[in-house]
Every structure is written in C-alpha cells, then in structure tokens.
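Please have the sequence and the model open side by side.

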Amino acid sequence: MAKELDELARLLYVGNNDNNGLNGNNNFNNNARFLGIAQHAKTFTFMKTYKNLWKELCSYENLELAFKKAKKRKTLKPCVIEFEKDLTNNLEALRTELLFHSYSPNPPETFIIRDPKTRKISKSDFKDRIIHHALCNVIEPIFDKLFIYDSFANRINKGSLKALERFDQFKNKVSRNNIRKCYVLKADIKHYFDEIDHDILLNILNRKIKDSKVVWLIKKILSNCPLSLSLSLSTRSSQRGMPLGNLTSQFFGNVYLNELDQFVKNELKVKYYMRYVDDFVILNDNMEELESYKERINKFLTDKLLIELHPQKCKITQIGRNFAFLGFRVFNHHKLLRKSNIGKMRRKFERLKRAYSVGTITYDAIYGYFQGWLAYASLADTYGLRKKLGKEIEKSFPNEVSNTEINRLIKYTNSSSMYFIPQYRSNLSNLSQLNTFSCFN
C-alpha cells in the first residue's frame with residue numbers, strides 16, 4: 001500500500017508549479033499538497049483489473065486442461081468417449097468457435113431429483129462443460145484472492161471437512177472450551193440459485209474483468225438456463241437464476257455472496273463467521289448481538305443483492321440444543337451424523353452398484369467417493385457405521401482393488417519392505433486379499 005501511495009503521489013505531483021490540487025483547484029499549497037492522502041490512506045482502494053485474458057482462455061493448452069477436468073470420474077460416459085475419439089480436432093473446433101464468437105451453448109438437460117429434498121438439476125452438454133472449465137481456469141484464481149479465508153465451498157484446499165474443523169475451532173474459542181454458553185446464528189438464502197440477479201453479478205465481475213470478450217462468454221453461459229429461471233416478468237425485467245449442476249454456477253455463486261462476506265467481516269466486524277455455499281453461521285456468546293446481525297444482514301441482502309434470508313431456516317440456537325450444520329448434529333462434546341445424511345449415502349451406494357454392474361463407472365470412482373465420505377463421517381461418532389460400511393463395500397465389490405491402493409502398496413514396499421515386491425508384482429491379483437477400507441475401520 002505504501003509503494004502504491006508513493007506512486008500516486010508522484011503522478012499527482014506533476015504540474016505542482018501550477019498549484020493543481022487533487023480536484024483541480026488551488027486548495028492545497030506546495031508544502032501540504034498530499035497531507036490528506038497520508039491522513040486518509042485507508043480510504044484509498046487499489047484494485048487490479050484484467051484486460052487481456054481472452055488469448056489465454058482460448059489457448060489449446062487451456063482447453064486441453066479443461067477437457068481433462070471435465071472428464072474426471074466420467075471416463076466411461078458415452079459423451080466423453082465420443083469426444084475423446086477425435087480430441088485434437090474437437091478441441092480445435094471449440095477454439096475456433098470461441099475465437100470467431102460463434103460459440104453457442106446447447107440447451108441443458110433438466111431433470112428432478114428427490115434426495116430427499118426436491119431439486120431441479122440442469123446438466124450441460126459435455127462440450128459446454130469444457131468451456132465452463134476453460135473459463136474458470138482463467139478467472140477463478142483472480143477472484144479466489146478476494147474471498148475471505150472462511151468461505152469453504154467449491155475452493156481448492158477447502159470443502160466441508162475444513163469447514164467442520166473450523167467450526168470446532170470457533171466453538172471452542174467462543175465457549176472457552178465449553179465452559180460458557182455459545183450461541184450460533186445459522187441461516188441460508190431463500191431460493192438462492194434461482195434468485196441471483198444477472199445484472200448485479202455482471203457488475204461485480206466487471207470490477208475485475210475488463211476483457212469484453214470474456215464478458216461476452218460469461219453472458220452466453222448465464223443466458224443458457226431453463227426459461228423458468230431466466231425471467232421474472234412480474235417483478236423486474238433483468239434476468240436472474242442459474243442452473244444447479246454447472247461448475248460456473250458454483251463459482252458465480254461464490255462471487256455473488258462474497259459481497260455478503262465482505263460486509264459481515266468489514267462492516268459488521270464479525271470475528272466468528274463462516275460460509276458454505278449459501279449456508280452461513282455466526283458464533284457469539286451474546287444472543288442480542290446475533291439478532292442485530294441477522295437484521296442488518298437481511299437488509300443488506302435485500303437492498304444490495306436482491307435476495308433474502310430464508311425465514312424458516314434462519315435461527316439462533318445454543319450449541320448442544322438441536323443444532324445441525326453440514327449434515328451433522330453438533331453437541332458440546334461430540335457430533336452425530338444426521339439420519340437423512342446416512343440415508344442419502346445409502347441411496348448413493350445403491351446407484352453406484354447399479355452403475356458398476358452395467359459398466360458405466362469404474363471401481364476407482366466408487367473408491368474415491370467412499371474414501372471422501374468415510375473421511376467426512378469420521379468427524380462424528382461413527383466408528384461402528386464406518387466399520388459396517390467397509391465390510392459392505394468389500395462384499396459388494398469382491399476381488400477389486402483401486403489404483404490408489406496399488407500405488408500406496410508399491411510406495412510402501414519400495415520404502416520399507418522390499419522383500420514383498422516380487423510376491424505382489426508377480427501376481428497383482430493377490431492384491432484382492434487387501435482390506436481396501438481397513439484404514440477407515
């Protein structure tokens with residue numbers, strides 16, 4: 001900041017002999033011309049903008065990286081196999097469409113899921129998902145620097161596990177390790193993704209992105225959503241809403257609510273605040289302060305972002321009294337998984353088994369899912385559940401070992417037990433004898 005102020009002062013100093021002040025009048029003398037800058041340095045905001053991103057976005061290397069990300073855990077899908085048959089030409093065709101501004105996304109496939117909550121999911125065409133990744137590859141690092149530390153959804157090295165660990169830290173600090181009462185304001189946004197205003201979102205993005213071609217692509221993506229989301233004729237003429245299921249929707253959702261994050265941290269000066277997608281919590285030992293925060297936050301959301309808190313889901317409770325967060329029931333000294341969360345995992349397990357039986361998913365993908373879920377569940381008192389689930393997985397997928405386990409075994413044998421190598425390298429089928437989920441039991 002000091003260097004930037006010095007540079008500003010140097011530039012403004014040009015024409016000093018003409019007594020040109022900051023506003024073009026002669027209010028400042030030569031000896032105290034920049035005293036106001038020194039006294040009010042904190043009011044100056046220097047924001048770097050980005051004007052030349054299009055070339056990087058359209059590069060073949062970026063599109064190839066985007067393809068690799070888009071196909072992750074979907075390598076057996078027919079659309080991925082078909083696209084990869086002529087990968088180079090298909091990526092070049094996409095690149096040409098972008099460079100000549102002839103790119104037009106296909107209408108997304110929309111379907112309803114009930115798991116158990118009813119949601120409308122929109123599935124974009126595979127080539128459009130590549131474009132989404134290509135865009136996020138370029139602009140996500142720009143905005144991620146602006147996000148607060150305690151925003152945990154859809155970010156590298158964040159996620160629900162980190163959010164729960166951070167929540168425990170906040171709880172212990174506010175309650176002084178559970179020796180005094182700790183209250184929490186838990187809230188979420190009513191119909192969040194359906195209500196995101198496109199004009200407001202674009203204005204936020206335009207503060208940093210000054211490349212008109214990138215903005216053109218963002219508008220193309222935003223406009224490609226089901227009609228039921230796109231226009232509210234009864235209330236306002238601007239488009240609003242983003243389809244659930246798109247990578248860009250997750251990213252834009254974070255950008256939009258970063259405005260709330262900055263308001264809470266910089267205006268309200270709240271210390272123990274964290275957000276995961278549109279769910280956020282504030283911890284405090286004073287219930288009246290939390291009530292005040294709730295009112296001011298809702299006013300900010302309705303005035304600035306044209307969204308509002310969900311009246312039925314915005315509550316202030318004491319930790320240990322029926323408080324749930326990110327699928328856990330949180331008590332003073334322990335956590336339990338919610339029954340609905342366990343049921344959701346069970347239904348997912350059945351879908352994975354059916355997909356595996358028809359060859360549309362690999363065992364590595366199944367292993368990756370359960371490796372993450374079991375790590376998540378380990379934050380609660382779930383020893384018996386995890387042990388039982390591990391046995392069910394081994395029974396459902398006999399003689400299967402993931403590449404993760406193979407690589408882990410080879411690394412182990414290379415480092416500490418060389419005499420095992422001939423046995424396992426001579427016959428990799430012996431790896432099926434391993435208990436692949438023993439580490440979670």
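## Terms and model

Buried means under 20% relative accessible area, exposed means over 50%, and partly exposed lies in between (1.4 Å probe, protein chains only). This is a predicted model: local features need pLDDT of at least 70, side-chain atom pairs count only at pLDDT 80 or more, and totals for chains, interfaces and linings use all residues. Residues are numbered from 1 along each chain as its sequence is written, and side-chain values use heavy atoms, with hydrogens and water left out.

## A buried histidine

His132 sits in helix 7 (residues 126-144). Helices (H or I, at least four residues) and strands (E, at least two) are DSSP runs, numbered from the N terminus. His132 has a relative accessible area of 4%, so it counts as buried.

Contact means heavy atoms within 4.5 Å. Neighbours within four places in sequence aside, His132 touches Ser124, Ile221, Asn246, Leu247 and Thr248.

Four strands make an open, antiparallel sheet in the order 4-5-3-6. Strand 4 (273-276) and strand 6 (315-318) are the edges, each pairing on one side only. Two strands pair if DSSP finds at least two bridges between them. Neighbouring strands are turned by 20° against each other on average, direction ignored. Axes are lines fitted to C-alpha atoms, for helices over the stretch in contact, and angles run from 0 to 180 degrees between N-to-C directions.

Strand 3 (residues 183-188) pairs with strand 6 over 4 bridges, antiparallel. Tyr183 has Gln318 of strand 6 as its bridge partner.

## Helices on the sheet

Helix 13 (residues 247-267) lies across strand 4 and strand 5 (279-284). Helix 13 runs at about 170° to strand 4.

Helix 14 (residues 287-305) also packs on the sheet, touching strand 3, strand 5 and strand 6. The direction of helix 14 makes about 150° with that of strand 5.
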